[in-house]
Amino acid sequence: MKFIIFLIAVLLMAPSTSSATTSELTDALTGKSIIYEYSGCRSYHVKFDSSGFSYQYLTAAKPEKWWGPFPYNETTKENGEYIVTWFEKEYGNYITLVINFQ
């Protein structure tokens, strides 16, 4: 009986292999730039390069100003989404950006 309880506990704690949660670090966006707009009319121009992640807040008071570069991590998921994270130390902001080109 103890063995069965132990076996069930081990199986419950085993890592999931679901494709929806599988991801890996990548640098596929390096050298790319993207312009996007939120439904609330805020728009951004972002670029990824070896020095870091930079962006322009196009609908702000100074749309020509570049913020960054910030060190960033980029993860790609099996479903084609990219998850980009960075920390803006000067402002205390930790940002996560999900990109889906489909």
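Rings of Phe, Tyr and Trp (its six-membered ring) count as a pair if their centres lie within 6.5 Å, and a pair is edge-to-face if the planes are over 60 degrees apart. The legends below describe a predicted model.

**View 1. Aromatic pairs in the predicted model.** A search of the whole structure finds 13 aromatic pairs. In one of them, the ring centres of Y36 and Y38 are 5.5 Å apart and the planes stand at 85 degrees, so this pair is edge-to-face. Y36 has 22% relative accessibility and therefore counts as partly exposed. Y38, at 36% relative accessibility, is also classed as partly exposed. Ring pairs connect Y36 and Y38 into a cluster with Y44, F48, F53, Y55, Y57, F70, Y72 and W86.

**View 2. Overall layout of the chain.** The protein contains one helix and eight strands. Read from the N terminus, the order of elements is α-β-β-β-β-β-β-β-β. Of the 102 residues in the protein, 25% are buried. The accessible surface comes to about 7500 Å², and carbon and sulfur atoms account for 59% of that surface. Among contacts between residues at least 6 apart in sequence, 24% join residues at least 24 apart.

View 3. Strand β2 (residues 33–37) runs antiparallel to β3, and five bridges join the two. E37 has S43 of β3 as its bridge partner. The hairpin formed by β2 and β3 has five residues between the strands, and C41 in the turn has a positive phi of about 75 degrees. β3 also pairs with β4 in the antiparallel sense, over six bridges. There, D49 stands opposite G52 in β4. Two residues separate β3 and β4 in their hairpin.

**View 4. The largest nonpolar core.** This core has 14 residues, and those with the most contacts inside it are V46, F48, F53, Y55, V84, W86 and I99. At least two core residues come from each of β3 (43–49), β4 (52–57), β7 (82–88) and β8 (93–99). In soluble globular proteins, nonpolar side chains tend to be buried together. F48, F53, Y55 and W86 are also members of the aromatic cluster.

**View 5. Surroundings of V84.** V84 is among the residues with the most contacts inside the largest nonpolar core. Which residues does V84 contact, leaving aside its neighbours within four places in sequence? The contacts of V84 are L29, F48, Y72, N73, E74, I95, T96, L97 and I99. Of these, F48 and I99 are listed with V84 among the residues with the most contacts inside the core. Y72, like F48, is part of the ring cluster.

**View 6. The four-stranded open sheet.** Four strands make up an open sheet in the order β1-β6-β7-β8, with antiparallel pairing. β1 (23–25) and β8 are the edge strands, and each pairs on one side only. From one strand to the next, the twist averages 20 degrees. Strand β6 (residues 72–77) is joined to β7 by five bridges, and the two run antiparallel. T76 has Y82 in β7 as its bridge partner.

Conventions:
Residues are numbered from 1 along each chain as its sequence is written. This is a predicted model: local features need pLDDT of at least 70, side-chain atom pairs count only at pLDDT 80 or more; totals for chains, interfaces and linings use all residues. Side-chain values use heavy atoms; hydrogens and water are left out. A nonpolar core is a set of buried Ala, Val, Leu, Ile, Met, Phe, Trp, Tyr and Cys residues joined through side-chain atoms within 4.5 Å. Buried means under 20% relative accessible area, exposed over 50%, partly exposed in between (1.4 Å probe, protein chains only). Contact means heavy atoms within 4.5 Å. Two strands pair if DSSP finds at least two bridges between them. Axes are lines fitted to C-alpha atoms, for helices over the stretch in contact, and angles run from 0 to 180 degrees between N-to-C directions. Accessible areas come from the Shrake-Rupley method with a 1.4 Å probe; for residues, only the protein chains shown count as cover. Rings of Phe, Tyr and Trp (its six-membered ring) pair if their centres lie within 6.5 Å; planes under 30 degrees apart count as stacked, over 60 as edge-to-face and the rest as tilted.
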